[in-house]
Amino acid sequence: MKYCPICGGTGVLLDGTPCSCQQNEDDIYSGTDCLSIPETYRGVAFNSILLPKNMGTYYAKFMQDTYDMLTSLRWRNKNIIICSPAQTGKSVLAYTVVQSLFKKGLDVFPLMDILEIKRVMQDIEYNRSTSLGVENPQILLTTPYLFAYIPASLTYDVFDTAAVLVSRRVRRGNSTILLYQGNWNYLASADTKGSLKNMAGSGALTTVEVHNFTYKNDN
């Protein structure tokens with residue numbers, strides 16, 4: 001049984017009510033189309049200690065700090081992009097944060113890539129009630145925190161849609177976390193129109209704070 005920091009592993013809160021950790025996992029994932037956690041990631045807990053050692057200690061600290069800020073709801077009005085190699089914990093981070101936010105009662109949106117999100121945005125514009133299996137596509141813009149993948153196919157639509165997505169969510173006071181399996185310099189060079197790369201900045205307003213990581217040998 002996993003240790004629960006809320007109840008200390010007792011399964012009961014101080015007021016005598018059952019802790020949320022006692023809730024059946026099937027109940028947690030039923031009744032909502034917007035959670036859509038793949039079975040592989042259900043119940044997986046993010047732990048920076050388990051990140052690849054060859055990513056360096058700063059990467060582990062950054063990922064842990066990001067996780068802590070998001071799950072404690074202290075992240076405010078900030079957009080970032082995390083660029084790192086494959087299998088370095090980005091998806092685990094995203095899915096565990098989504099699960100944590102859902103359990104706190106916040107609206108969450110399933111992880112999609114930017115091209116899928118373009119489809120959802122088009123359905124919102126045409127007032128379609130369902131998009132790609134999501135019953136309420138409007139949550140794409142209203143959820144406080146949204147993770148989105150930058151796909152491997154770097155077309156104009158990818159960069160333009162990412163820029164529009166961030167802008168529309170900023171107008172509603174929400175934050176966007178983009179995930180890219182690769183190097184920022186390569187990503188930026190492919191963005192010939194500058195739609196996304198020209199947004200690089202502090203992460204405030206419609207800027208995106210860039211966090212670019214490669215393999216290290218400092219451990």
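Guide: Leu205 is exposed, for its relative accessible area is 69%; exposed means over 50%, buried under 20% and partly exposed in between, with a 1.4 Å probe and protein chains only. This is a predicted model, in which local features need pLDDT of at least 70 and side-chain atom pairs count only at pLDDT 80 or more, whereas totals for chains, interfaces and linings use all residues. Residues are numbered from 1 along each chain as its sequence is written, and side-chain values use heavy atoms, with hydrogens and water left out.

Leu205 lies in the loop between α7 and β5. Helices (H or I, at least four residues) and strands (E, at least two) are DSSP runs numbered from the N terminus. The phi of Leu205 is positive, near 55 degrees, although the residue is not a glycine. Most residues other than glycine have a negative phi. Asn77, in the loop between α2 and β1, has a positive phi of about 50 degrees and is likewise not a glycine.

Ser195 is also found in the loop between α7 and β5. At 17% relative accessibility, Ser195 counts as buried. Leaving aside neighbours within four places in sequence, Ser195 is in contact (heavy atoms within 4.5 Å) with Phe159, Asp160 and Ala163.

The open sheet has five strands in the order β2-β3-β4-β1-β5, with parallel pairing; two strands pair if DSSP finds at least two bridges between them. Between β1 and β5 the parallel pairing extends over four bridges, and Ile81 stands opposite Val210 in β5. Helix α2 (residues 57-71) lies across β1, β3, β4 and β5 and runs at about 145 degrees to β1. Such angles run from 0 to 180 degrees between N-to-C directions, the axes being lines fitted to C-alpha atoms, for helices over the stretch in contact. Helix α3 (residues 90-103) packs on the sheet as well, touching β1, β3 and β4, and its direction makes about 155 degrees with that of β3.

Ile81 also belongs to the largest nonpolar core, which has 31 residues; Ile81, Leu187 and Leu196 are among those with the most contacts inside it. A nonpolar core is a set of buried Ala, Val, Leu, Ile, Met, Phe, Trp, Tyr and Cys residues joined through side-chain atoms within 4.5 Å. Elements giving two or more residues to this core include β1 (80-84), α6 (156-170) and α7 (184-190). The largest share, six residues, comes from α6. A second, separate core of 27 residues includes Met63, Tyr67, Ile82 and Ala94.

Helix α4 has Ile114, Ile117, Val120, Met121, Asp123 and Ile124 as its buried residues. They cover an arc of only 165 degrees around the axis, taken from the directions from the helix axis to the C-beta atoms, and therefore lie on the same side of α4. These buried residues pack against β2, α5, β3, α6 and β4.

For the protein as a whole, there are seven helices and five strands, and buried residues make up 45% of the 219 residues.
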